[in-house]
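Visitor: I am new to this structure. Please show me how to read its features.

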Amino acid sequence: MKTKLLLISTITLFAIMNCQEKKEVSLTNKKIEEKKMETSKIKEVLIKQIKEGASSEYWGETYGKEDLDALVQIEDTILKNNGYKTPEREVFNQKIKMIFGRIIDNNSKNQYLKIDAYENSKCNKELEFYPYSADAQYLYVDKKDHFITYFDAIPKIIDYQKIYPELSKYEENSYTIDTADGVIEVSMWKDLNNLPQERYFNQQRLISRNKYLFTDDKSQFPWLVTKDDYFMRRLITVFGYTEDKRLLKWALENTHLPFFHTYAKDNDLEELGKLLWTKDCNGEIRVHQNTLDILKEMSTPNENLYIMYVAEYLTNLEHLNANKELSDAQKAKIAAHLMYWGEQYKYDKLYDYNQMFMGHFWHYKDDGTYDKEFKKNNYYGLPKFKEWYEAVKKEENLFLDDQTIPDSPQPLDYKHKARPIRK
């Protein structure tokens, strides 16, 4: 009986193992076939691009989703070969929302979410893929493989001649463009493929951005702020990403703010304003408390440049070009948070700025319009705002009938004429 049971068990085991082996072989073969199909599609796209010219400056309506699909397949391999650990879907979706303010619809058939990297004006949760939008101003979020990329010509990311030498026969055709000086013949693919430095940069940019943003790899930070500083700064100034304290400090230290002698220039204040608040794609104003916290850490009674510039920003709030499209309600929200942050120094005897923030705003900026907005919004949940703002309404204007200043007083005027508050 035991012998029969043993025989049955052995036969069963071999059957299971045989089935498992066939299954594993089947899966392996499936992966091989999928890889062959991917390679075949990449080659098809490359042949088409070679024949038609593929520099991003000259892409026409014939370049569309299939070109991006091919590029993404290549980049996915590059990322994985360089240690990119693909985040789980929910983690990736949350990161996209936190960093770029976009919501990924997992039920959508679209593989890509297109984000304008230059402005934060469109808030579509999902954007259809439009052909001929091969433009470096757009970031494409690959929802399937969980990374971001730019839409660019394949030779700018890989040396296709080494990988697909058989395609050289298609490279003989030249490509011509009309210019102001006449027609110029361009050997498009010869020029595009002779880009080893640009190719290295594009690969490293792809790797460093995705590792930094989606796997919290802080070792990528030095390269990004050195070689990709424009993008890194726009994470804050365009999208309002302020979760990385190190990034915030870097951005502040690299914002042009000259020594405070008299008045700040509008363009300098506009650049500071981009770090202080963001107008989200849905029109909502988001003041960056994280930035204000960093400014406080970086300020002392003797090193008070940032405090003075926030005060100067408030005195020019209605005159900055960046604010011309803001409503009274939006400006009130910005002013309230910045005033509240600055008013803390009024009650600090080491600073003694007195009416530099709320006092100035009440006496010279608020005709009652902002006061109504403050009350309407319950003072934005700022604990001492109502108490402090009601207090300044009862105070005598320090510069009432003062003929020594030609216009309204500026931060330096308050600093020189402050009446210390002792508590």
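Guide: Start with a cavity. Helix 12 gives the most to the lining of the second largest cavity, with 3 residues. This is a predicted model, where local features need pLDDT of at least 70, side-chain atom pairs count only at pLDDT 80 or more, and totals for chains, interfaces and linings use all residues. Residues are numbered from 1 along each chain as its sequence is written, and side-chain values use heavy atoms, with hydrogens and water left out.

Visitor: What is a cavity, and what is a lining residue?

Guide: On a 1 Å grid over the protein atoms alone, a cavity is a set of points where a 1.4 Å probe fits but cannot get out; lining residues have an atom within 4 Å of a point. Grid points are joined across faces, edges and corners, and a volume is the space filled by probe spheres set on the points. The second largest cavity has about 30 Å³. Its lining is Ala311, Leu314, Thr315, Met339, Met356, Phe357, His360 and Phe361. Helices (H or I, at least four residues) and strands (E, at least two) are DSSP runs, numbered from the N terminus.

Visitor: How many residues of helix 12 are buried?

Guide: Buried means under 20% relative accessible area, with a 1.4 Å probe and protein chains only. Helix 12 (residues 305-315) has 10 of its 11 residues buried. Among them are Ala311, Leu314 and Thr315.

Visitor: Why does glutamine 410 count as buried?

Guide: Glutamine 410 counts as buried because its relative accessibility is 12%. Glutamine 410 sits in the loop between helix 16 (385-393) and helix 17 (411-417). Its C-alpha atom is 8.0 Å from that of methionine 356, 54 residues apart along the chain.

Visitor: What is the volume of the largest cavity?

Guide: The largest cavity holds about 130 Å³. Of its 14 lining residues, the closest to its centre are Glu75, Thr149, Tyr150, Asn202 and Arg205. Helix 6 gives the largest share of the lining, 5 residues.

Visitor: Which residues have the most contacts inside the largest nonpolar core?

Guide: In soluble globular proteins, nonpolar side chains tend to be buried together. A nonpolar core is a set of buried Ala, Val, Leu, Ile, Met, Phe, Trp, Tyr and Cys residues joined through side-chain atoms within 4.5 Å. The largest core here has 109 residues; Phe100, Met232, Leu235, Phe374 and Phe385 have the most contacts inside it.

Definitions and conventions. Buried < 20%, exposed > 50% of the residue type's maximum accessible area, 1.4 Å probe, protein only. 1 Å grid on protein atoms, 1.4 Å probe; cavity = no way out; pocket = protein on both sides within 12 Å on 5 of 7 lines; lining within 4 Å.
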